[in-house]
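Hi,

Here is the structure I promised to pass on.

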Amino acid sequence: MAQQLRRLLFLLIIFFSFGELIYSQTLPDFSTIKVEELSEREIQSLMTRARALGYTESDLFELARNQGMSSNEISLLQQKIDDARLSRTAKASSELITDSRLRNAYFDSLESKVRSTSDIFGLDYFSQHSPFLTFSPTQNRPTPKNYLLAAGDELYIDIYGASEQYYQAEINPEGNVLLENVGPISLSGLTIDQASAKLKRYLSRFYTGLTGQNPETKLDVSLGKTRSISISIVGQVELPGTYNLSAFTTMLNALYVAGGIKENGTLRQIKIVRQGKLHSTLDLYPFLVEGNLIDEGWLQEGDVVLVGPYTNRITLIGAVKQSGRFELKEGETLADLIRYAGGFSEFAFTNQISVTRNSDSEKLVSDVFASQFDLFEPKSGDVYKVSEILDRFSNRVQVKGAVFRPGDYAIEAGLTVKKLIEKAAGLRGDASRQRAILIRTRPNLSTENISFDLGQLMDGNVEDIILEREDIVQIFSIYDLNEEQYVEVSGEVNKGGVFGFAENMSIEDLIALAGGLKASASASRIEVTRRSGDSESGAISEIVVRDINENLELSGGPLILQPYDHVVVRKNPDFFTQQFVAVEGQVRYPGDYAINNQTERISSLIERSGGLNQYAFAEGATLLRKTEFYSESSDLELQINDLQQLLERFDKEPETLTEAQLAQLERVNMELDKLNNGLSENQNLSSFAKRERLREIVQRNTLYSDVEIKESEAIGIDLKKILANPGSKHDLILHEGDVLVIPKQAETVRLRGRVLYPTTVLFERERSLKHFIDRAGGFDNRAKRRGTYVIYPNGSVARTKGFLFFKNYPKVTAGAEIIVPAKSPKIPVTPAEIIGITSGLATLALLISQINF
């Protein structure tokens, strides 16, 4: 029986652990969220979680308000939620459904049919990849002289001078215009000039001033709205069919309206069939290549634009300006093909072109030479390849290294190594004369090295070497053959770092190059670390210690440095800069105070500031102290700040400065320039490490983390005990930057969090925490009562303690703040989870019954 009970207990533990897992998910604490940094994805994730928990938007905003989020942040959160919703809606509706068969005379919008880029020359010209490309006929142009009027054209007839009259009439289907008080006049089939003359004859019966040698009345006829014509576009076009277009429509306009020419269509023989007969043929290549558009005239009513299949296709690839497939007419040659491709590129091998031609049964390869370009006629299916020139030099030699003008030079008969060096302006001073190398390329493209004594060759003591094509002469520098030599200085110098080594350089020279010693430098401790390893003794380096005075004079005489020496100037252990703390609030003399010694305490600071005044609230005193994340100014930054303040003092009265002060001003400016240039190179290592650590923590601090990074923090102190027992454990030692804040006497208690009405109430002595909660309306239904805590004026915190069903609330003092946290929101149980729990209970009951059985 005991074993059965243990099994039952184990199953119950698993069951309730499963239930606790269901309710463990919570919404984030809104008091830690920075709304302005939330991305759209994070907003959508937050809304998804809220909906899963059964929260509406209004519930979410109420929860954020109760957790301390300000009204401005709540408004910003609402705006971000609205923006995320609109963005998602826009993405869902971003795909437009268009009719791929739309036909319009001015079809230049983004809804046009777009094909992929083709390698057929000229085919993409009508493919409408750009919404700004249009061949729509313009109406803003003078009426062409050869334009023939027809039914549907509108005329503006203006009579002015001695008589004035205006007519606006449209030619009817019978070809007449009807003018008031004049009657019908037939104008169909006339040009605008012919129509003007005919109208003048008819209207002169009513306006006699229109006739005579010097007519007093004039007549002006212009074309208004043009008629529409119906044309058919057939053959190899994207959108064949019948279109109603402007009477000013040309062949190009028609091809554009039809979506362009298909891949199998011709661009060289586009036909216009008028009244059943071939009227004209259009070749687009002169327009595409030279911009020469032959005026093919306007299309007329009933015209048929016929785009037939291509007759031939020739492919041109390689080093031309525009490769692709081209269509040639009969009689055109390879030279025409190259012209259509824009000519050869700058890297083309123009002497010959390789052609691949199809025979009846197989492919043939042939070469066409430049003299044959004007005679050779391509055939359909030919593939012409223009090669590039070889990536090699026919007459080059090179000289590299320690010469004044290294580079490529042209080889000439009898060119030797010495002559090449003279062409390169001679050897540099650092050239190594012991050895140089000639790298020669053999006919099989392998290489060989020919080493020689450069000094002997230049002096004529050995035979000079004749150079060949692609020879490389390598002249070494003495510094190429040895490690670069340097010395280093660090520590208490103004501008430490690495300096180039020079013979006979002393420690004094190096310190002078580093800007001299800082005021904090120790005069009795300069170390020189020198490379001097010994594997037997285990020595790594040799250490030399010397003393130095303010005139940069070493004890024991000058010490000559060796390559790679490292000089370290130690800090004076007795050197300190002034360190300050501050007292604010209810003391007699608030302000900044310098720390007297390293053991000075809070009680001493209160005494130096004159003690507390009659309004001081000692229980609320707080000590503010910098944390390890405080961004501290480096010594270099402090020095720059001091010099800038000195400079500002000089700038106040520049006209009264003495000669000595002007000289000092110039030195300060020079020093500031030097320090500012070195600021980025001389960062304080400790501050840098702190900043890197802070950045690492912030990167790990996710959106819903409770980690809060502060550069300062409040330390809870008991000022009454400090003043009663100076030097006790409560009397803390002061640190640089500490701020002691002593507030006025407090008379209120503030309540925040999950109370019915968060407010600030009057403090009453001998009252419990429950009394102040009741003053705020009591706990609300989501209050976590056992988590209630009190923040006292001095920064210390006390929480509610409990044992079994009893709760021991912390004591409340004047100026305290009572915080009531919220219970974690519970995820509502879904039907699927209810089914899962029920199934688990049924399984558990079945197991128990089997055990009993």
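Below is what I found, taken one region at a time.

A word on the basis: this is a predicted model, where local features need pLDDT of at least 70 and side-chain atom pairs count only at pLDDT 80 or more, while totals for chains, interfaces and linings use all residues. Residues are numbered from 1 along each chain as its sequence is written, and side-chain values use heavy atoms, with hydrogens and water left out.

I192, A195, S196, K198, L199 and L203 are buried in α5 (under 20% relative accessible area, 1.4 Å probe, protein chains only). These buried residues fall within an arc of 165° seen down the axis, so they line one face of the helix (the arc is that of the directions from the helix axis to the C-beta atoms). They pack against β1, β3, β4 and β5 (contact means heavy atoms within 4.5 Å).

In strand β9 (277-282) you will find S280. Beyond its neighbours within four places in sequence, S280 touches I270, K271 and I272.

Finally, there is an open sheet of five strands with mixed pairing, ordered β27-β26-β30-β28-β29 (two strands pair if DSSP finds at least two bridges between them). β27 and β29 are its edge strands. Within the sheet, β28 and β30 run antiparallel and are joined by three bridges; L623 has L740 as its bridge partner in β30.

Best wishes

Technical notes: Helices (H or I, at least four residues) and strands (E, at least two) are DSSP runs, numbered from the N terminus. Buried means under 20% relative accessible area, exposed over 50%, partly exposed in between (1.4 Å probe, protein chains only).
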